[in-house]
Amino acid sequence: MNHEDAKNTKKKKNVGAGSPRPKSGSPRPPKPQSPPINPVPSPQSPVPNLDDWLEIGKIVSAQGLTGELRVYPNTDFPERFEEPGKRWLLRPGETELQPVELLNGRYLDGKNLYVIKLKGVSDRHQAENMRDCRFFVPVSDRPELAEGEFHVLDLLGLQVFMQSSGEFVGTVVDILPSGHDLLEVKFDPAFVTNNEELTTDKAEKTVLIPFVMEIVPVVDLESRRVEITPPPGLLSINN
């Protein structure tokens, strides 16, 4: 199971968990990272298979008396909670997703929350009973991105090369939100051995590379390749 984030290498768009070169939606304030809740309460319970699903948010509380729900988003795409339609819900302790119909939703400025209305939820008691339920969409239902934008999931595992020499640097293992998003790259041991600036223990470490066009000019998803032009000293930071 994965969260639905997006990135891009252009100037940071101030949105949820997104950033430049991964996709964003309408402007949104940055959201804090929160670990996903494990819906399985005991080791004896079967674990839901969520490999083919993207988590887009979690219900945190009821809103008012008419069944509205407050949702913490885990997506860069505002339409997930603003446009009516079918979504899927996983209740705590359960392993099967159930379809639900989103009737409407709105964003709460300054709180990084959505207030939504689901079909069949008409009072506060029903809404309170849905606390900690999580929303999902199929992996296949990912919105199209603008040129120069990428889904975070597509960036993980890409191989990183020096553009000038073609040397294999390492592999993207994570994307970290920041003023500009950062690619966390695990060094290839051979690259460390062949570069005097890097100590040998660096082979077991990672380096953070700003995900901006000047430093990451090439992202080729088809060949699973990233090319970088790091300024002097960047790869040896924290060495």
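The model is predicted, so local features need pLDDT of at least 70 and side-chain atom pairs count only at pLDDT 80 or more, while totals for chains, interfaces and linings use all residues. Residues are numbered from 1 along each chain as its sequence is written, and side-chain values use heavy atoms, leaving out hydrogens and water.

Side chains of opposite charge can pair when their charged atoms come close. A salt bridge is taken here as a side-chain nitrogen of Lys or Arg within 4 Å of a carboxyl oxygen of Asp or Glu. By this rule there are 7 salt bridges.

One of them joins Arg134 to Glu55, with the closest N and O atoms 3.1 Å apart. Arg134 lies in strand β8 (residues 134-138) and Glu55 in strand β3 (residues 53-63), so the pair ties together parts that are 79 residues apart in sequence. Strands (E, at least two residues) and helices (H or I, at least four) are DSSP runs, numbered from the N terminus. Arg134 is buried, at 2% relative accessible area. Glu55 is buried too, at 1%. Buried means under 20% relative accessible area, exposed means over 50%, and partly exposed lies in between (1.4 Å probe, protein chains only).

A second bridge pairs Glu101 with Lys119, the closest N and O atoms being 3.9 Å apart. Glu101 sits in strand β6 (residues 98-108). Lys119 sits in the loop between β7 (113-118) and α2 (124-128), 18 residues apart from Glu101. Glu101 is partly exposed, at 37%, and Lys119 is exposed, at 57%.

Glu227 pairs with Arg225, with 3.1 Å between the closest N and O atoms. Glu227 is buried, at 16%, whereas Arg225 is partly exposed, at 26%. Salt bridges also link Arg124, Glu128 and Arg131 in a network.

The nonpolar cores come next. Such a core is a set of buried Ala, Val, Leu, Ile, Met, Phe, Trp, Tyr and Cys residues joined through side-chain atoms within 4.5 Å. The largest core has 26 residues, of which Ile209, Val216 and Ile228 touch the most other members. At least two residues of this core come from each of several elements, including α3 (152-155), β11 (168-176), β13 (206-210) and β15 (225-228). Contact means heavy atoms within 4.5 Å. Not counting residues up to four places away in sequence, Ile228 touches Val160, Phe161, Met162 and Leu235, among others. Another core, of 20 residues, lies apart from the largest one. Its members include Leu54, Val100, Tyr114 and Val121.
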